[in-house]
Amino acid sequence: MSGNKSTEKSAALLKGAFREYYFKYSKLLEIPEHLEQREFGYMPFGSGMIRHLSFRNRGDILATLIRDVPADVYCSNAYYRFPTYPMPEKHWFGADLIFDIDAKDLHLPCELSHSYFICAKCSEVSRAKSEVCESCKSTSLNQTSIPCAKCIFALKKEVRRLIAVLTNDLGIEEKSVSVYFSGNNGFHIVVSDKSFNALDSVARSDVVSYLAGTNIMTESIGVRKSRDHSGNDFLIKFPKSGLSYGWRKVIADKLVIDQSSLVKLGNIVLRNGGYEGFKSELGKMAKTLGVRIDPQVTMDVHRIFRMPGTINSKSGLVKMRCDDLESFDPLDDACLLGSRDVEVKTKISSQINFKLKGQSFRIREKILKLPLFVAVYLICKGLAEVTN
Amino acid sequence: MPVRHYFSCHQVLSIKIGTGDLAKYPFLNDASDYVRETQFDFQEFNRPEMNHIIDRAAERLEREIAKGLPDEKLDKYEIEILTFLVTLIMVKSIGTEPILKKHALFEAMRAEKFLTEDLMREKSEQKKRLLLSTIFKELFKVNVDISENDNRLFKVKITDYLMRASHFHEQDWKLINRLVHNGYVYLDADETVRLIRSELSELIYNKVKSMTLSTLPEAIKTKVNELSIKFAPHQQYRRYKSQDYPPCVKHALEVMNKGENLPHSARLMLATYMLAIGKSIEEIIMLFHNAPDYNEKVTKYQIEHLAGLRGSGTKYSVPSCQKLLNQNLCFATEECNGITNPVQFGRPPMLKGQSSSP
């Protein structure tokens, strides 16, 4: 944030609103298991991340949140013997298996229709996607998005797809899977099955590849590269372990084949132009059928991850547990700030439409009075500031 | 004779690990039980009838260290237990890491062969389960069971699989290329056994490391002295300057310099690269000298084959960067920028687009 008066006033408004939330909704703060083994970190308003912190109990955490009112609060998915030591000395015990499903990774067709591009230098907001800021010609532009109902529907669908693979293929019990709204534009999924805690980053990357559908080999469904001179560059030999489950079943169903479809699979390969063509087609198919997760989040075993029950400063919404994903409405259930009127100045020329707390907003005027939760939402999105 | 009983939650298994099994898997604690229970005195190795055991142990080590081949001969229990003990004593007395690492790897591969055969051929499911429980579960905490639908297949707990197989370089070990269902990965016998190779090797390595030797029986001492002289050329790692090579080749050389096992695909990359930059067959053979399973004859044959001097006469080209990436053998740095094949590394930009084969 730049140092001008409006920015300072906006930060003060956010701090006040966040503090009020931590007073009023302290019960929503989820204290992680093995608190003493977790590393905490937070981002104060207007400065860099403070990491390698440790708390003894809920009271300690709350006292810090109310006193310092950070913009964002994080807790490690990892367990350490010495959580406050520098990274190489922390002595890693293990880490929860975590997943991040973010709307930006879904590449939804509606994305551009509710995206805004904010210049990091002069804060000018533009609707059109561009390489440079029209006002100051800076090339540093940040994209912000006001998620729509379609985004939320698609995100929930992706969460359900992830849970299906975790439970059916990876054998994780549904009760060990917790789903959280990230507080902005996605969902976080945390697995509390202890047998996965010891997996290192390489093993987690293999889990990511499984979920996302990357690195699939044609051989795993029975198409082998043949070196003989029969005319074809492949031969069909189904794997001993069969095609009945997991990815093999997904692909077999898609191709409408089973372990007796020797000729049919051969014809499919030929239709794709032989081994290489089929390989490329299979790769594309698996990627399309895979779950769209952020690979970095799952592979990182030292990550500090947004803490449930804290406010996300990218939106002013709360990272919140979703016990019933179907009925959960992030733009209502996770919007918990007050409703007193605040005067703000919007930064865009065209109308913004969105829903919050069950109310529809169509904002056109430059300077206007808005309920606190709406004002905070727009300020966090970089689309408004408190009037000077 | 030592007897072990195994219990499951459902029933008491009347079946026991027999001496036939212990002959194949002497690293099970029963080897030391044997010494303890028979009150075997190490000075007994000086008796003439023990010469056979000492010679057998020395032959096994020579085969492993000098020829790069595992010893797959199997004799009766007492002979195998004592041969195993003597080889450990000999390796400990020689006292160098390269010899110890090679022996540990070959001893693991020997056990791997017997275990695969047992799991494939054994008709009794109870007996198979006993092996799975004794070796996989008790020694290495790997949960394996026989598949419900096909008793030729084994199901391994997914986390046990990932902890091991995710570190293998070959693409077919990736979880996505396996049959995965309800928390288990389904494998055949040799794949299941391959999962624990490095742990078997580590077990032997640690057994030698933790041994304390008092006075060696004279007969073993004499043999150790002979072996030390024979193995002298194998005891030093050769180090190769690697800073000018592309990072993938550099990585392979570093692994080799540490005396660690390099996957087949990485060996192929290393050999074809060295051929491509004009190294002689002899120079390339020397590069593989540190491999734990080094065998000069086999290495020479394989390199000559890659060079097109044998077989169909086809000269193998260096795998492309894309292929190496898929095989997890790519360790690209900024200096790789723009190249599509490792042989282009370090060439002036205008030459980078040119064919990879010289």
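Buried residues make up 37% of the 388 residues in chain A. Buried here is a matter of counting: a residue is buried if 20 or more other C-beta atoms lie within 10 Å of its own, exposed if 12 or fewer, and partly exposed in between, with C-beta atoms placed from the backbone. This is a predicted model, so local features need pLDDT of at least 70 and side-chain atom pairs count only at pLDDT 80 or more, while totals for chains, interfaces and linings use all residues. Residues are numbered from 1 along each chain as its sequence is written, and chains are lettered from A and ligands numbered from 1 in the order in which they are written.

Chain A has 11 helices and 20 strands. These are DSSP runs numbered from the N terminus: H or I of at least four residues for helices, E of at least two for strands. Along the principal axes, the C-alpha atoms of chain A fill a box of roughly 80 × 50 × 40 Å. Of the contacts in chain A with a separation of 6 or more, 67% are accounted for by residues 24 or more positions apart. A contact means that the C-beta atoms of two residues, placed from the backbone, lie within 7 Å.

Helix α1 of chain A covers residues 5–24, and helix α2 of chain A covers residues 58–68. How do they pack? The angle is about 155°, and the axes are 8 Å apart. Axes are lines fitted to C-alpha atoms, for helices over the stretch in contact, and angles run from 0 to 180 degrees between N-to-C directions. α1(A) and α2(A) are therefore roughly antiparallel to each other. The cut-offs for that wording are under 35 degrees for roughly parallel, over 145 for roughly antiparallel, 65 to 115 for roughly perpendicular, and oblique for the rest.

Which residues make the contact? On α1(A) they are Arg19(A), Tyr22(A) and Phe23(A), and on α2(A) they are Leu62(A), Leu65(A) and Ile66(A). By class, the residues of this contact are 5 nonpolar, no polar and 1 charged. Ala, Val, Leu, Ile, Met, Phe, Trp, Tyr, Cys and Pro count as nonpolar, Asp, Glu, Lys and Arg as charged, and the others, Gly among them, as polar.

Lys15(A) also sits in helix α1 of chain A. Leaving out residues up to four places away in sequence, Lys15(A) touches Phe45(A) and Val69(A).

Next, some strands. Strand β1 of chain A, residues 40–43, has Phe40(A) and Tyr42(A) on its covered face, and Gly41(A) and Met43(A) on the uncovered one. β1(A) pairs with two strands that I will take in turn. With strand β3 of chain A, residues 72–76, the pairing is antiparallel over 4 bridges, and Met43(A) has Asp72(A) as its bridge partner there. With strand β2 of chain A, residues 50–53, the pairing is antiparallel over 2 bridges, and here Tyr42(A) is partnered by Ile50(A). Two strands count as paired if DSSP finds at least two bridges between them. The hairpin of β1(A) and β2(A) has 6 residues between the strands, and in it Gly46(A) takes a positive phi near 80°.

Further along there is an open sheet of 3 strands in chain A, in the order β19-β16-β20, with antiparallel pairing. β19 (367–371) and β20 (384–386) of chain A stand at the edges with a single partner strand each, so one side of each has no neighbour in the sheet. From one strand to the next, the twist averages 50°. Strand β16 of chain A, residues 341–346, pairs with β19(A) over 5 bridges, and Lys345(A) has Ile367(A) as its bridge partner in β19(A). α1(A) comes back here: it packs on the sheet, touching β16 and β20 of chain A, and its direction makes about 85° with that of β20(A). Helix α11 of chain A, residues 372–380, lies across β16, β19 and β20 of chain A and runs at about 30° to β16(A).

Last, the other chain. Chain B has 16 helices and 6 strands, and 37% of its 358 residues count as buried. Where do the chains meet? The contact involves 26 residues of chain A and 21 residues of chain B. On the chain A side, α5 (201–212) and α6 (246–255) are the elements that give two or more residues. α5(A) provides the largest share, 6 residues.
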